[in-house]
Amino acid sequence: MLNWVRNLFNATFTLLKGMWVTLKVMLATYRRTTLADVFVYPELKVPVKARYRGFHRFDLTTCIGCEKCAAACPVDCIYIDKQKLGGGSKGFRIEGFAIDYSKCMFCALCCEPCPVDCIFMGANYDLSCYSRDGCVVDYAKLPLQVAWGRATLSPSVVAASKVLDQPAWVKGDPNPFASTAS
C-alpha cells in the first residue's frame, strides 16, 4: 500500500512540475513583443543573414550559356533558351533564362557548377503573386538593372516583364554581333 501511495505522489508531482513549465512558457509569450512591432514589413524589410538563400540573382552579361546550372538542378526548374552566334564566332546569346519558382526548392545547387559565377542566391524573399504565371521569372526579359544583378526582384518588375515578347536588352537589331563580325 505504501508503494502505491509513493507512485501516486510521484505521478502527481511530475504532472504538476510539467504543468508549471508549460504555464511559465505560456505567460512568457504574452510578455514579449511581436515581430510586427519591431519591423514594419512593407516599409522596413526584415534583415536576413549573409548565407540566406532567397530568390536568385543573375548576371546576364557574364552568362556563357553552358547550361551547367540547369543540369545541376535536381527539380529541373531552370529553362535556358540560347542561340549560337553567327559569323564563325564562339559563344551563345541568351534569349531566355527562366526559373520556375513554384518548383524551385532554393537548394543553391545551381550556383556551384557555374564557371563564371553569373548565378547566385540573393537576399530577396518577397516575390508574392496571385497566379502561377508570376512564379516563372525570365531573367532575360527583366529590366537591365535587375537582369545584371544590380537591383532586386519585385513582383511589379516580374509582372511588367511578362508583356515583353523579346529580351529587354535587344534594341532593334536581333543579332547585334553580326555587323561587327564582317
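Visitor: Which residue is the bridge partner of Tyr79 in β3?
Guide: In this model, which is a predicted one, the bridge partner of Tyr79 in β3 is Ala98.

Visitor: And how many bridges are there between β2 and β3?
Guide: Seven bridges join β2 to strand β3, which covers residues 92-100, and the two strands pair in the antiparallel sense.

Visitor: What is the order of the strands in the open sheet?
Guide: The open sheet is made of three strands in the order β2-β3-β5, with antiparallel pairing. Its edge strands are β2, at 78-84, and β5, at 136-138, each of which pairs on one side only. From one strand to the next, the twist averages 15°.

Visitor: OK, what sits over the ring of Phe92?
Guide: The charged end of Lys84 sits over that ring, 5.4 Å from the centre of Phe92. Lys82 also lies over the face of Phe92, at 4.1 Å from the ring centre.

Visitor: Changing topic, how many aromatic pairs does a search of the whole structure find?
Guide: The search finds eight aromatic pairs. One of them is formed by Phe9 and Phe13, whose ring centres are 6.3 Å apart and whose planes meet at 15°, so this pair is stacked.

Visitor: Why does 15° make the pair stacked?
Guide: Planes under 30 degrees apart count as stacked, and the planes of Phe9 and Phe13 are at 15°. As for their places in the chain, Phe9 and Phe13 are four residues apart in helix α1, residues 2-31, and are therefore separated by about one helical turn.

Visitor: Is Phe9 buried or exposed?
Guide: Phe9 has a relative accessible area of 59%, and because anything over 50% counts as exposed, Phe9 is exposed.

Visitor: What about Phe55 and Tyr101, how do their rings pair?
Guide: Phe55 and Tyr101 form an edge-to-face pair, with 4.7 Å from centre to centre and 85° between the planes. The pair links distant parts of the chain, since Phe55 is in the loop between α2 (35-38) and β1 (56-58), while Tyr101 is in the loop between β3 and β4 (119-121), 46 residues apart. Both Phe55 and Tyr101 are buried, and together with Phe106 they form one aromatic cluster.

Visitor: Last one, where is Met105, and what is Met105 in contact with?
Guide: Met105 is found in the loop between β3 and β4, where Met105 is partly exposed, with a relative accessible area of 48%. Leaving aside neighbours within four places in sequence, Met105 is in contact with Pro74 and Val75. Met105 and Val75 are 30 residues apart along the chain, yet their C-alpha atoms are separated by 8.0 Å.

Terms used:
Residues numbered from 1 in each chain as written. Predicted model: local features only at pLDDT ≥ 70, side-chain atom pairs only at ≥ 80, totals over all residues. Heavy atoms only, no water. Pairing = 2+ DSSP bridges. Axes fitted to C-alpha atoms, helices over the stretch in contact; angles between N-to-C directions. Phe/Tyr/Trp six-rings, centres within 6.5 Å; stacked < 30°, edge-to-face > 60°. Buried < 20%, exposed > 50% of the residue type's maximum accessible area, 1.4 Å probe, protein only. Lys NZ or Arg CZ within 6 Å of the ring centre and 35° of its normal. Contact = heavy atoms within 4.5 Å.
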